[in-house]
Amino acid sequence: MFKADLIDRAAQFRSADEDPTRNLSACPTLVLNADYTPLSYYPLSIWPWQTAIKAIFLDRVDVVASYEREVHSPSLDMKLPSVIALKQYVKPSEFPAFTRFNVFLRDRFTCQYCGSPSHLTFDHVVPRRLGGKTTWENIITACAPCNMKKGGRTPKQARMSLMLEPIRPTSWQLQQHGRGFPPNYLHETWRDWLYWDIELEE
Ligand SMILES: [Zn+2]
């Protein structure tokens, strides 16, 4: 069968539930690399179930675990995949993306001036008007009061000191920090595959 036909077939899948958007949207698929490690931790590598089913039909992934929930097409019933693994190994990137979330994660969700975990914002250590760039090395997590207090000055001018020098973290470093901040939602079938499972530590 041609790929296009397979994709059409994936699109034909319909839930047995009356309101599939409501019920099925809560069935994301955890995507593992070919070595059964998560493709990425931040953001966690999850796909909508529709994408996962297409990948199954295209023979690009193996199903590792499934939800109880089924979807139906005219010719096939299928349980929604909860964990899949890529057949072809993807080399993980050494450095994480420079995103707001990852800056917070590098700084462990605390203000780098006073340590507060509340009202977090971002601060250019060297202000933009003084040539400060928007980079890992010049952006830090700062609470709103510290950000206000510092204003458009350097830390030295404002007589404020940083808890840690901002660096570009490696994916491994960020992953270590991530253990302290697990995602809000983890399906039971995912736990075996996620590194931060607290029960497996010690
Ligand atoms: Zn602060």
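This is a predicted model: local features need pLDDT of at least 70, side-chain atom pairs count only at pLDDT 80 or more; totals for chains, interfaces and linings use all residues.
# Notebook: a first pass through the chain

**Arg168**

I started at Arg168, which is exposed, with 12 other C-beta atoms within 10 Å. Residues are numbered from 1 along each chain as its sequence is written.

Where does Arg168 lie? I found Arg168 in the loop between α6 (155–158) and α7 (171–178). Helices (H or I, at least four residues) and strands (E, at least two) are DSSP runs, numbered from the N terminus. Next I checked what Arg168 touches: Phe95, Trp136 and Glu137, leaving out residues up to four places away in sequence. Two residues are in contact if their C-beta atoms, placed from the backbone, lie within 7 Å. I also looked up Val103, 65 residues from Arg168 along the chain. The C-alpha atoms of this pair are separated by 9.2 Å.

**The whole chain**

I then stepped back. The chain has 7 helices and 7 strands. From the N terminus on, I read the order as α-β-α-β-β-α-β-β-α-β-β-α-α-α. How many of the 202 residues are buried, as a percentage? I noted 22%. I also noted the contacts with a separation of 6 or more: residues 24 or more positions apart account for 61% of them.

I followed β2 (29–32) next.

Which strands pair with β2? I count strands as paired if DSSP finds at least two bridges between them. With strand β3 (residues 46–47), β2 pairs in the antiparallel sense over 2 bridges. There, Thr29 stands opposite Trp47. With β5, β2 runs parallel and is joined by 3 bridges. Here the bridge partner of Leu30 is Val83.

I also traced β5 to its other neighbour. Strand β4 (residues 61–72) and strand β5 (residues 77–86) run antiparallel, and 8 bridges join them. Ser66 has Pro81 in β5 as its bridge partner. β4 and β5 form a hairpin, with 4 residues between them.

**Cores**

I looked for nonpolar cores: sets of buried Ala, Val, Leu, Ile, Met, Phe, Trp, Tyr and Cys residues joined through C-beta atoms within 7 Å. The largest has 15 residues. Those with the most contacts inside it are Leu30, Val31, Leu32, Trp49, Ala52, Val83 and Ile84. At least two residues each come from β2, α3 (49–57), β4 and β5. Which element gives the largest share of this core? I found α3, with 4 residues. Apart from this core lies another, of 7 residues, including Cys111, Tyr113, Ala142 and Cys146.

I returned to Val31 for its contacts. Leaving out residues up to four places away in sequence, Val31 touches Leu39, Ser45, Ile46, Trp47, Ile84 and Leu86.

For α3, I listed the buried residues: Trp49, Ala52, Ile53, Lys54 and Ala55. An α-helix has 3.6 residues a turn, so residues three or four places apart point the same way. Just after α3, I noted that Asp59 takes a positive phi of about 65°.

**Two loop residues with positive phi**

Phe109 and His119 both sit in the loop between α4 (100–106) and β6 (120–124). Phi of Phe109 is near 55°, positive in a residue other than glycine. For His119, also not a glycine, I read a phi near 50°. Are they buried or exposed? Phe109 is partly exposed because 15 other C-beta atoms lie within 10 Å. His119 counts as exposed because its C-beta neighbours inside 10 Å number 12.

**Met148**

My last stop was Met148, in helix α5 (residues 144–150). Met148 is exposed because there are 10 other C-beta atoms within 10 Å. I looked up Asp123 as well, 25 residues away along the chain. The C-alpha atoms of Met148 and Asp123 are separated by 9.7 Å.

Terms used. A residue is buried if 20 or more other C-beta atoms lie within 10 Å of its own, exposed if 12 or fewer, and partly exposed in between; C-beta atoms are placed from the backbone.
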